[in-house]
Amino acid sequence: MDDLPLLRFSRDAVAQGEWSALRTDHRGGRVTRIWAGAYVDSEAWDRSGPDERRLLRIAAASRDGDSRTYSDESAAALWGMPLVGVTDDRVVVVAPSIEGGRTSGELVKRATVVERVAQRLGDLRITTPAQTVSDLARRHPLRTALAAADWTLARGLATKDELVEANDRMRRCHGYARASRAIRFADPRAESPLESVSRSVMIDLGVQAPVLQSEIVDARGTIRRPDFSWPSLRLLGECDGRDKYERDSMTGGRSPGQMVWEEKQREDALRALDLRMIRWGWREAMNPPLLARILVAGGLRPTRSRRFSRPV
């Protein structure tokens with residue numbers, strides 16, 4: 001959390017004789033109060049996404065030492081898990097079952113009838129990766145749960161057996177069956193949240209399951225690895241997010257134009273093998289009816305009817 005925007009605390013401001021200036025900045029909208037006695041530059045706060053806001057609030061909450069156990073969305077943010085479609089950025093902690101789940105301002109207390117497994121991460125106590133996946137999967141849609149579960153498996157933070165075991169401990173909790181379904185489909189071969197969200201739509205449609213990251217050798221002997229493949233249909237699927245063309249870790253110093261040209265050459269090499277290809281991005285993945293039309297146009301056939309919720 002070292003690269004987060006600077007927090008300003010009222011206690012420090014009083015000790016340093018700067019309370020009047022901090023109060024004036026707050027009244028003038030130059031700083032935003034994000035926790036009791038904690039403020040951050042308003043422009044930086046406005047630019048921050050939900051993940052960064054969660055981490056800022058946790059940093060503010062834990063400033064003077066902390067005996068809380070962070071869980072659910074807060075634990076996911078601390079582990080670095082993707083939280084697809086989750087906009088609530090409040091701090092979430094474990095509450096004793098006798099206390100019940102309560103919400104107060106920026107703090108959400110979540111209680112369960114089963115004790116949750118936690119560990120230390122730096123100075124904080126948070127639920128383990130496997131426990132966190134189970135907690136998220138019990139409360140959120142398949143796309144959110146699958147993205148977190150795939151990410152956790154891919155980074156070796158938990159094994160599939162550990163996810164199952166963690167969720168089985170929560171058998172008496174609401175959402176257990178939903179979480180079991182998400183964990184059953186979790187796959188470490190998924191290389192991005194977009195791939196996970198796309199698979200969630202395929203699962204809900206009941207289309208033929210794709211092979212993930214299969215290796216295909218083209219005419220020049222180059223190994224190509226499409227995101228999805230359906231060998232019996234000679235069909236490939238590729239999903240591309242905008243960050244693929246913008247993030248330094250993805251571009252390797254190449255320009256967007258160069259990357260598009262390389263993608264075209266790659267696709268041409270695969271089509272030369274008499275393979276068909278379908279493509280989509282975040283817009284289609286987060287709007288299941290749109291992605292369903294693309295999949296069906298590619299020759300995939302749903303095995304069950306599903307009325308999708310509105311896109312988010």
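**Group meeting talk: a walk through the model**

Okay, let's start inside helix α6, where Pro129, Ala130, Gln131, Thr132, Val133, Ser134, Asp135, Leu136, Ala137 and Arg138 are buried. By buried I mean under 20% relative accessible area; exposed is over 50%, and partly exposed is in between, with a 1.4 Å probe and protein chains only. Helices (H or I, at least four residues) and strands (E, at least two) are DSSP runs, numbered from the N terminus.

Two quick notes on the source. This is a predicted model, in which local features need pLDDT of at least 70 and side-chain atom pairs count only at pLDDT 80 or more, while totals for chains, interfaces and linings use all residues. Residues are numbered from 1 along each chain as its sequence is written, and side-chain values use heavy atoms, with hydrogens and water left out.

Now the overall picture. The protein chain has 312 residues, and buried ones make up 50% of them. You'll find 14 helices and 15 strands in the chain. If you take the contacts with a separation of 6 or more, 57% are between residues 24 or more positions apart. Contact here means heavy atoms within 4.5 Å.

Back to α6, residues 129–139. How much of α6 is covered? Mostly covered is the answer: 10 of its 11 residues are buried. What do those buried residues pack against? They meet α5 (72–79), β8 (118–121), β9 (124–127), α7, α8 and α9 (176–185).

Setting aside neighbours within four places in sequence, serine 134 touches Ala166, Asn167, Met170 and Ala179.

For a contrast, go to leucine 157, in the loop between α7 (142–154) and α8 (160–168). Leucine 157 has 31% relative accessibility, so this one counts as partly exposed. Beyond four places in sequence, leucine 157 has Trp79, Pro129, Trp151 and Thr152 as contacts.

Next, the cores. A nonpolar core is a set of buried Ala, Val, Leu, Ile, Met, Phe, Trp, Tyr and Cys residues joined through side-chain atoms within 4.5 Å. The largest one has 40 residues, and the members touching the most others are Leu7, Ile34, Trp35, Tyr70, Met81 and Leu163. Helix α4, residues 50–61, gives this core its largest share, six residues. There's another core apart from that one, with 21 residues, including Val201, Met202, Trp230 and Ala292.

What does methionine 81 contact, leaving aside neighbours within four places in sequence? The list is Ala76, Pro129, Thr132, Val133, Leu136, Ala148, Trp151 and Thr152.

Zoom in on β2 (residues 31–35) and β3 (residues 38–41): they run antiparallel and are joined by four bridges. Two strands pair if DSSP finds at least two bridges between them. Valine 31 has aspartate 41 in β3 as its bridge partner, and arginine 33 has tyrosine 39. The hairpin has two residues between the strands, and glycine 37 takes a positive phi near 80° there.

Last stop: helix α10 (residues 193–205) and helix α14 (residues 288–297), whose axes come within 10 Å and cross at roughly 75°. So α10 is roughly perpendicular to α14; the cut-offs are under 35 degrees for roughly parallel, over 145 for roughly antiparallel, 65 to 115 for roughly perpendicular, and oblique for the rest. Which residues of α10 and α14 meet? Ser198, Val201, Met202 and Leu205 from α10 meet Pro288, Leu291, Ala292 and Leu295 from α14.

Definitions and conventions: Axes are lines fitted to C-alpha atoms, for helices over the stretch in contact, and angles run from 0 to 180 degrees between N-to-C directions.
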